[in-house]
Amino acid sequence: MKKIPEIILSMIAVLTMFTAQASNERVVLMPLRVSEADKAMQRVMETALVEGLQQNYVVISGDQVAKKAREIFFKESRDTSKKECDEAACMQTIAKSFQAELIAIGSVTKRSDGYFIAINIHNIIDNKMEYSRSLPCKNCTAFEVIGKLKKLGVANLPTADSNGSTETTDWRMAQTSNTHESFQAYIAKYPNGIFVQLAQAYISKLANVGNDVVVSQLKPGEIIPDCAECPDMVVIPAGSFLMGGNNRDMEKPLHVVQLQSFKMGRSEVTQAQWLTVMEANPSAISACRDCPVEQVSWDDVQNFIHQLNRKTGKNYRLPTEAEWEYACRAGAQHTYCGSDKLSDLLWYDDKEFGYRTYPDSQRYIARLPRPANAFGLYGMSGNVREWVQDCLNLHYKGAPTDGSAWEQGDCDNRIVRNGPSLSPTEWLTASFRQWELTSRSHHETGFRLAHD
């Protein structure tokens, strides 16, 4: 495939950044409704709709929404046919659970003469339809529908409700200010307001920002609210594991490592998070703010971490190699990060769509679900390679056994873990190791953060 010139990529990145920031409204996209004949294409179609909506909104979608919807619509009992609430009330609860003002419902209906596609976006604050559009797609194929969905998601969408109610305006002002005082003011003015619970949640989250969180007091897999610019960090419990493998000399000898509890990024650092700190996007595939940032060297990452820590007052760092493998294995000795079957975790040889990266937060894939591992981490088998802190050593003889970084050896080269899409499957195993010069950037290499 021909490489798009860098100037065009830069223009796309700037356009994407501008349009995505046109509104900070959050919209929850319910699982796309498709005809039975198109179930295999459901996720691809839904991804196309998300890409359109992201031009105007912050979109929450995917497995997390489907799971929450099931929890809210049905009681946690054997009698799953009894609903907890009517559809309108359920939709409102789903949107509020993700701190969103809008909820979107899309459908793709197959007909004898082609398709009929539609989307409705409902504002739960004002209890009114904000956007509705439908489109007959005569003689279309399923793949043509994908292109239509992208356009359906961006055409004539409003970026804000300038004529909204006073409560709507005050709520959005509170969100924009994002301070303890602004949310308290909203609660005082609207004690029975529709977003009182969300305001209280924001206040609770802000109370934790800047405070030292004692990791041992948190549950494994719990997400820690550090700051607005910070990636979601997950608590990794203390424990020990057998590090390494028997496939290659670089993975030997097998050795036991004992680690203290620490925090690790739920997914790779995204392009949007990099842009917030560095004000430029180096990624080769740059028109996807929620995708991992890539084409960054180890030295670039150290600069990012320095700037992020200076901005937030935190102490982020790269994970050590032992931390990475321990977090990947998540208390088991699976071949990959969460399973012995690679097909349970990701797309890894997607020749139909070619090489690209994917947003872990949405976890979209052409044909299969993409679950987190047992520690709640995404994308540790596939997507991009990830830098770790350790210097290059071609074996584990003399390696630290306490989970710390190995800062001896060839430190002009550093270890990278994981493998990108189109990798040989052995690259995606929990024990596989590679290395790169610290100054070298590659379009398949990104990173995730750690924190003590």
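User: With which side chain does the side chain of R417 make a polar contact?

Analyst: With that of E321, at 3.0 Å. The distance qualifies because a polar contact is a pair of N or O atoms within 3.5 Å; within protein, one must be able to donate a hydrogen and the other to accept it, and residues adjacent in sequence count only if both atoms are side-chain atoms. This is a predicted model, where local features need pLDDT of at least 70, side-chain atom pairs count only at pLDDT 80 or more, and totals for chains, interfaces and linings use all residues. Residues are numbered from 1 along each chain as its sequence is written, and side-chain values use heavy atoms, with hydrogens and water left out.

User: Which backbone oxygen lies 3.5 Å from a polar atom of the side chain of R417?

Analyst: The backbone oxygen of F432.

User: Why is R417 called buried?

Analyst: Its relative accessible area is 0%, and buried means under 20%, with exposed being over 50% and partly exposed in between (1.4 Å probe, protein chains only). R417 is therefore buried. Its place is in strand β13, residues 410-417; strands (E, at least two residues) and helices (H or I, at least four) are DSSP runs, numbered from the N terminus.

User: Which residues does R417 touch, not counting residues up to four places away in sequence?

Analyst: Among them are M243, W324, R385, Y396 and A430. Contact here means heavy atoms within 4.5 Å.

User: Which residues are linked with R417 in a network of salt bridges?

Analyst: E321, E325, R329 and R433. One of the pairs is R433 with E321, at 2.6 Å from N to O. That pair links distant parts of the chain: R433 sits in the loop between β13 and β14 (434-437), E321 in helix α11 (residues 321-329), 112 residues apart. R433 and E321 are both buried.

User: What makes the meeting of R448 and E268 a salt bridge?

Analyst: Their N to O distance is 3.9 Å, and a salt bridge is a side-chain nitrogen of Lys or Arg within 4 Å of a carboxyl oxygen of Asp or Glu, so the pair qualifies. R448 lies in the loop between β15 (445-446) and β16 (450-451), and E268 in the loop between β11 and α9, 180 residues apart. R448 is buried because its relative accessible area is 0%, and E268 is buried because its value is 2%.

User: How many salt bridges does a search of the whole structure find?

Analyst: The search finds 13. Another of these joins D232 to R266, with the closest N and O atoms 2.6 Å apart.

User: Why does D232 count as partly exposed?

Analyst: Its relative accessibility is 34%, so D232 falls in the partly exposed class.

User: What makes C391 and C411 a disulfide?

Analyst: The sulfur atoms are 1.9 Å apart, and a disulfide is a pair of cysteine sulfur atoms within 2.5 Å, so the pair is counted. C391 is in strand β12 (residues 385-392) and C411 in strand β13, 20 residues apart. The angle about the S-S bond is 95°, and the link is right-handed. C391 is buried because its relative accessible area is 1%, whereas C411, at 26%, counts as partly exposed.

User: How many disulfides does this rule give?

Analyst: The count is 3. C137 and C140 form one, with sulfur atoms 1.9 Å apart, and their link is left-handed at -80° about the S-S bond. Both of these cysteines, C137 and C140, are buried. C328 and C337 form another, at 2.0 Å; its angle is -95°, also left-handed.

User: Why is α2 described as largely enclosed by the rest of the structure?

Analyst: Because 10 of its 12 residues are buried. Among the buried ones are V44, M45, L49 and L53.

User: Which residues touch the most other members of the largest nonpolar core?

Analyst: M45, L53, V108, I119, I121, V145 and L149, in a core of 28 residues. A nonpolar core is a set of buried Ala, Val, Leu, Ile, Met, Phe, Trp, Tyr and Cys residues joined through side-chain atoms within 4.5 Å. The largest share of this core, 6 residues, comes from α2.
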